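Colleague: I am new to this structure and would like to learn how to read its features one at a time. Could you take me through them, giving the general idea before each case?

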Amino acid sequence: MKRNWNVYAKILAVVAVLFLMAGGWLIARRKANITEAAKLPFYNVDLSEVEDGEYYGKTYTTFLHLQLKVFVQNHTITNIEVIEAEGIDSETAKPILKEMINQNKVVVPAIKGAELGSLVYISCVDGALYAGKL
């Protein structure tokens, strides 16, 4: 049986081009997500000025949909309830909420490996406290 190496070379070239195109698309998508996360609103709310109550936040990006309820008592974040979290980093970045509560700060270090999701969580909590009570 005679092998036609020319056909194998063409198939291999097509497969290589498809992989390169897929890789390029993934890189472009990641850059778009980074750009979108960088444009999220951040108000840097001072918790000493936040009244007791429940605060609702909603942040939708192309890569993560997030809705939260933030509970504040005596200028302290007592709980953050996740209403909706769907998309990239939704579960991986969720521990950032515990850090916000533990440190009583909105802006805390991002979760390693879930930096974009962490930014969405921070923006959502910050936006909720900035917008006011329910």
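Modeller: Let us begin with I27, which lies in helix α1, residues 5-38; helices (H or I, at least four residues) and strands (E, at least two) are DSSP runs, numbered from the N terminus. This is a predicted model, in which local features need pLDDT of at least 70 and side-chain atom pairs count only at pLDDT 80 or more, while totals for chains, interfaces and linings use all residues. Residues are numbered from 1 along each chain as its sequence is written, and side-chain values use heavy atoms, with hydrogens and water left out.

Colleague: Is I27 buried or exposed?

Modeller: Buried means under 20% relative accessible area, exposed over 50%, and partly exposed in between, with a 1.4 Å probe and protein chains only. I27 counts as exposed because its relative accessibility is 53%. The C-alpha atoms of I27 and K112 are separated by 19 Å, and these residues are 85 residues apart along the chain.

Colleague: How should I read the strands, and over how many bridges do β1 and β2 pair?

Modeller: Two strands pair if DSSP finds at least two bridges between them. Strand β1 (residues 53-60) and strand β2 (residues 64-73) pair in the antiparallel sense over 8 bridges, with G53 standing opposite V72 in β2, and the two strands form a hairpin with 3 residues between them. β2 also pairs with β3 in the antiparallel sense, over 10 bridges, and there H65 stands opposite E86 in β3. In the hairpin of β2 and β3, which has 2 residues between the strands, N74 takes a positive phi near 55°.

Colleague: Which residue forms a salt bridge with K69?

Modeller: Side chains of opposite charge can pair when their charged atoms come close. A salt bridge is a side-chain nitrogen of Lys or Arg within 4 Å of a carboxyl oxygen of Asp or Glu, and by this rule the count comes to 2 salt bridges. In one of them, K69 pairs with E54, the closest N and O atoms being 3.9 Å apart. Because K69 lies in strand β2 and E54 in strand β1, the pair ties together parts that are 15 residues apart in sequence. E54 is partly exposed, with a relative accessible area of 36%. E91 forms a salt bridge with K94, with the closest N and O atoms 3.2 Å apart; E91 counts as exposed at 51% relative accessibility, whereas K94 counts as partly exposed at 28%.

Colleague: What does the side chain of E84 make polar contact with?

Modeller: A polar contact is a pair of N or O atoms within 3.5 Å; within protein, one must be able to donate a hydrogen and the other to accept it, and residues adjacent in sequence count only if both atoms are side-chain atoms. E84 lies in strand β3, and its side chain makes a polar contact with the side chain of Q67 at 2.6 Å, while a polar contact of 2.5 Å joins the side chains of E84 and Y60.

Colleague: How many residues does the largest nonpolar core have?

Modeller: In soluble globular proteins, nonpolar side chains tend to be buried together. A nonpolar core is a set of buried Ala, Val, Leu, Ile, Met, Phe, Trp, Tyr and Cys residues joined through side-chain atoms within 4.5 Å. The largest one here has 31 residues, and those with the most contacts inside it are L68, V70, I80, M100, Y121, V125 and L129. The elements that give two or more residues to this core are β2, β3 (76-87), α2 (95-103) and α3 (115-131), and the largest share, 8 residues, comes from α3.
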